[in-house]
Amino acid sequence: MSKITVSLIKADVGSVAGHTTVHEKLIQRAQKKLEEARESGLIIDYFVTHVGDDLQLLMTHTKGVDSEEIHKLAWDTFKAAAEVAFELKLYGAGQDLLAEAFSGNVRGLGPGIAEMEFTPRKSEPIIAIMMDKTEPGAFNYAIFKIFADPFNTAGLVIDPKMHQGFVFEIWDIIEHKRVFMRAPEEMYDILALIGAKGRFVIKRVFPKEGSPLPTDEPVAVISTEKLYFIKGEYVGKDDPVAIIRSQSGLPATGEVLEPFSFPYLVSGWMRGSHNGPIMPVSVKDAMCTRFDGPPRVIALGFNLADGKLIGPVDFFEDPAYNATRTIANLVATYMRLHGPFEPHRLSTEEMEYTTLPKVLDKLKERFEPV
Ligand code: F6R
Ligand code: MG
Ligand code: MG
């Protein structure tokens, strides 16, 4: 079987009654665009969904990552959906389409992208995980647990096909540098970096020598686009997405989902300025309400069949996540009671990327030496 590329590209191009949820008509317009592309043979298959106010395009094709044709298709699809948003006078219509025109690649134009090219196995399960009201570093905790924590992933201990561990590609998104690090050998160094989730972000995970899978093909990829760095001013958080392959020498699907049974704290939520729990929900419940949140995560499972997407399974629809949601809601209340105080509100350093500096600027003149 030749290589397949899976591209998950997302953008907020408008939502209903605030930054809440994507209107059905935008989904339909996106489906129509991608159906045309499927009929023309540009893509093999697609699935359109949403989490919160983000429109999500999952596509399979053979054009490789960073393909101009595929990125143009995504851009045109978001443009078409944004037109509907403008017609319906939806809130934030066209929000994440930061450029006037497409220029070869959607990277740097606003949308978030997770793409990987690989040789599909006999059976290839993939999981698309999508978050709203948070940032790329929100994946660090989960990806580390999945691929490096033996308390999460029993396969790291039990399965000889993955006992050797994995290689992490970590990006410094402020200095625009990257480093490849090996787990378990460099586990503590990896954590020293990725615990600072606003700066060091896991971009990809690769198998190691000894794995039945090729070591140069990623098994997980996460979007790392930061809107602030593109536009130079606050334009919302950079709601991230990831694609993770599972089973047969990789973490089992249940090991991929397990970290989300803990509603850990992420940055984002209201005005991209607050820490709050990430709550796993079904697509049906993937809308942001309370204090524009709390931050949500959905996970959809598919099998690839000659590039076709068989599925999805809406994993977090499962009542097994009810207790997680209850804890998330209690933590949301606990955090909310702090109002504008840290650590509910983000640290001063992180608030630099919000609208707060504009308010503080006005007070500058009033300060006198003591
Ligand atoms: C967070 C988010 C919302 C908005 C908030 C204010 O990522 O999108 O919490 O920041 O609703 O939005 P505006 O400034 O558009 O009224
Ligand atoms: Mg929005
Ligand atoms: Mg969003």
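**Entry 1: the magnesium site.** I looked up the donor spacing of the magnesium ion (ligand 2) along the chain and found D-x6-H-x33-D; donors are N, O and S atoms within 2.8 Å of the metal (3.2 Å for Na, K and Ca), and water is not among the atoms, so sites may look incomplete. I noted that this is a predicted model, in which local features need pLDDT of at least 70, side-chain atom pairs count only at pLDDT 80 or more, and totals for chains, interfaces and linings use all residues. Residues are numbered from 1 along each chain as its sequence is written, chains are lettered from A and ligands numbered from 1 in the order in which they are written, and side-chain values use heavy atoms, without hydrogens and water.

I identified the protein donors as D12 (OD), H19 (ND1) and D53 (OD), at 1.9 to 2.3 Å from the ion. D53 also coordinates the magnesium ion (ligand 3), which lies 4.9 Å from ligand 2.

I then checked accessibility (buried is under 20% relative accessible area, exposed over 50%, partly exposed in between; 1.4 Å probe, protein chains only). D12 is buried at 2%, whereas H19 is partly exposed at 26%.

**Entry 2: salt bridges.** I counted 23 salt bridges, each a side-chain nitrogen of Lys or Arg within 4 Å of a carboxyl oxygen of Asp or Glu. I recorded that E217 pairs with K3, with 3.6 Å between the closest N and O atoms. E217 is buried at 4%, and K3 is partly exposed at 36%.

I found another salt bridge between K284 and D285, at 3.5 Å from N to O. K284 is exposed at 59%, while D285 is partly exposed at 32%.
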